[in-house]
Amino acid sequence: MSTTGERSTGTVYEQVQASPEFADLRRRLRRFVFPMSVAFLAWYLAYVLLASYAPGFMAIKVLGNINIGLIIGLLQFVSTFAITTIYVRYANKHLDPAAEKIRQQIEGAE
Amino acid sequence: MVRVTTTGLIALFAMGLVALASAVIGSLGVRVVRSTSDFLVASRTVGAAANAGAISGEYLSAASFLGIAGLILRDGVDALWYPVGFTAGYLALVMFVAAPLRRSGAYTVPDFAEARLRSPVLRKVCTVFVVVIGWLYLLPQLQGAGLTVATVTGLPSWIGVVAAAVVVVATVVLGGMRSITFVQAFQYWLKLTALALPAVIALIFFLSDQRTFDRPAPPQFQENTTVDIRTDVVLEVAVPVSFTATGEVDGVQRVDSLVRWDVGTHTVEAPAKLDFPGGSPVPTTVGAPASDESWLTPFPDDRNDGLLATYSLIIALFLGTMGLPHVLVRFYTNPDGRAARRSAVVVLALLGGFYGVVTLLGALSRLYTPQLLVSGDTDAAVLLLPTAVLGSGWAGALLGGLVAAGAWAAFLSTSSGLVVSVAGVLSTDILGSSRVRDFRMSAVVAGAVPLGLSLAVTRLDFSEAVALVFAVAASTFCPLLVLGVWWRGLTAVGSIAGVLVGGLASAGAVAVSLSGFGGTGWVGVLLYRPALATVPAAFLTMVVVSRLTAKQRPADVDQVLLRLHAPERLGLTRDRLEERVKRASG
């Protein structure tokens, strides 16, 4: 039983693989994930640079003991969280509908 | 015979309770969860929030529970990189590999390697690294249990190490608490409570206090304080200090005699006892910021080395998380990609909240447990804070018990996840068997080896030890997973070469550095924090060798990649998994 199942989904795979919609979907995902990670890593590395070469700026006191360096440091958590939220929004808004479209096309073709 | 105090007894009782609870629940969950289909079954009953709790519960280990507060206490703002990196690594895992791996139906790296590249040799290589990474990661967990028992009860630390190993192996052999997601979720909330409560109490004390952190001077002992030196230390004195010492100080044997230290470095050999009068400045271990002001400033000493070390650390943590054997698996308990993403957001919030509390605790412990800066046992900060703030009466003892229980939960949840992963790989790939008896035997081996190791080797700071493991994971599995998921040109030979180059270089560098041949300067920094060099080396090797062997690309690469990238809404993945379940049960 299972072999025939494999074979029939195999053709669906090929169909999807060939469709421009799927290529578009992959492109959308790649276009989001990679630049986002680069931006994200750059923001981390920029903080480290700032900390080493602009210690005066980082040491400016904002409130009592709390200096700019500490605030930006803690903001790293917030930014990580923000990026995840953006990613999830993007996926829900752009990736899922695109996948839905492909699915409808496949089902329509069958 | 060691006399255990009331505080110690309460803490022992609390830890015993946590251990017993996990063992009992483990024995109730008879089903040994170690295959994809089992997770598929679990996915139908677990909601995104509970699952997020479970992921966080398993992820937060000894390094997170004890280690980070300890590093904050000693290194200040520089140590923030550890929690930030642990959180960011989780994000990298979600964005790059989590969803495609779920769809592949492979839930361990060796499974993925085989499904993607059809190479038994690559599978074996991956197996070896899963086991090595798992064992190295277990080491600080077990030693954390030892430190906890020694700190709160005064019993020798090997008792804690052995007890933790026995409990973990027993729960896994009995059925594995891993099968029950809500236990992991419960452990997350236990860990958070165990830290948040003392943090809030200490914060209230701090706010009603006149003290501040922001002084150009070293921290101060609040009252007369006895410091037990259990390992040899080299201390830096920024402000002259007098104290009473018993033991070998600066090479001279002393018995209850008054010592005055001038500005400079001084040595104390273990065992020794130093009595500091209240109000005297605290000497700190060499290499740590000596004054409160430099503690609050990034890279107070050498900014070039600091920059290099921090970059390398960020790379290791950011890319290493996805290579940890016990983290990947959890994604299977989400019913679909959408739910997986939703729980990823919740996980990030839970991790952020936890690390925020840990950071606060670490900072407050600089005021309340400065003696740890002298003895070097900064990892004990969280454990000692309750009694330091509330005194050793009932309130302090109960709070201390809660913290000890939380720490114990941290070791047990992470360790059992690791033991299950290592045992699963050992039994399927080394023994070549899927029988439950062989899995159980493998679990014993998976726990016994790190037990032996953790009794034999000297303890590193937990977060430091964990960072070394992250570097190895980032240099081996990260390139394999990222290229395997995103690049159709990858070949088996290329993967094997890349994993070996990254793995041997990173592990070798760390070994050289730990054995004391590292030296200083940028070479020493890179040997201790190799990720900055070894991760690109592994990626490069994989790409170059794959290009050279391009003819050996698997024939079904397009189909496999489609499977990895076609979203669940296409309905392809689910059908395939269901089919596997049917085949497995039929």
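**Labels and their grounds**

Modeller: Of the 110 residues in chain A, 40% count as buried. Buried means under 20% relative accessible area, exposed means over 50%, and partly exposed lies in between (1.4 Å probe, protein chains only). This is a predicted model, where local features need pLDDT of at least 70, side-chain atom pairs count only at pLDDT 80 or more, and totals for chains, interfaces and linings use all residues. Residues are numbered from 1 along each chain as its sequence is written, chains are lettered from A and ligands numbered from 1 in the order in which they are written, and side-chain values use heavy atoms, with hydrogens and water left out.

Biologist: What share of chain B counts as buried?

Modeller: Of its 586 residues, 63%.

Biologist: Why is B:Ser61 called buried?

Modeller: Its relative accessibility is 1%. The limit for buried is under 20%, so the label holds. B:Ser61 sits in the loop between helix H3 (48–59) and helix H4 (62–75) of chain B. Helices (H or I, at least four residues) and strands (E, at least two) are DSSP runs, numbered from the N terminus.

Biologist: Which residues does B:Ser61 contact, leaving aside its neighbours within four places in sequence?

Modeller: B:Tyr137, B:Gln141, B:Ala410 and B:Thr414. Contact means heavy atoms within 4.5 Å.

Biologist: What makes the phi values of B:Asp250 and B:Asp256 worth a remark?

Modeller: Phi is near 50° for B:Asp250 and near 45° for B:Asp256. Both are positive values in a residue other than glycine. Most residues other than glycine have a negative phi. B:Asp250 is in the loop between strand S3 (241–249) and strand S4 (252–261), while B:Asp256 is in strand S4 of chain B.

Biologist: How do you know that the bond from B:Ala270 to B:Pro271 is cis?

Modeller: Its omega is near -5°. Most peptide bonds are trans. B:Pro271 lies in the loop between strand S5 (264–268) and strand S6 (272–276) of chain B.

Biologist: Back to chain A. What makes up the nonpolar patch on the surface?

Modeller: A:Trp43, A:Val62, A:Leu63, A:Ile66, A:Ile71, A:Leu75 and A:Val78, with about 600 Å² of accessible area together. Patch residues have over 30% relative accessible area and no salt bridge; like charges are joined within 9 Å, nonpolar side chains (Val, Leu, Ile, Met, Phe, Trp, Tyr) within 5 Å. A salt bridge is a side-chain nitrogen of Lys or Arg within 4 Å of a carboxyl oxygen of Asp or Glu. Areas come from the Shrake-Rupley method with a 1.4 Å probe; for residues, only the protein chains shown count as cover.

Biologist: Which element supplies the largest share of the patch?

Modeller: H4(A), with three residues. Strand S1 (61–63) and helix H4 (68–109) of chain A each give at least two.

Biologist: Where does the "transmembrane region" label come from?

Modeller: From an unreviewed UniProt entry, which covers residues 32–54 and 66–88 of chain A. Positions follow the numbering used here, feature names are shortened, and annotations may be inferred rather than shown by experiment. In the model, residues 32–54 are 96% helix and 0% strand. Residues 66–88 are 91% helix and 9% strand.
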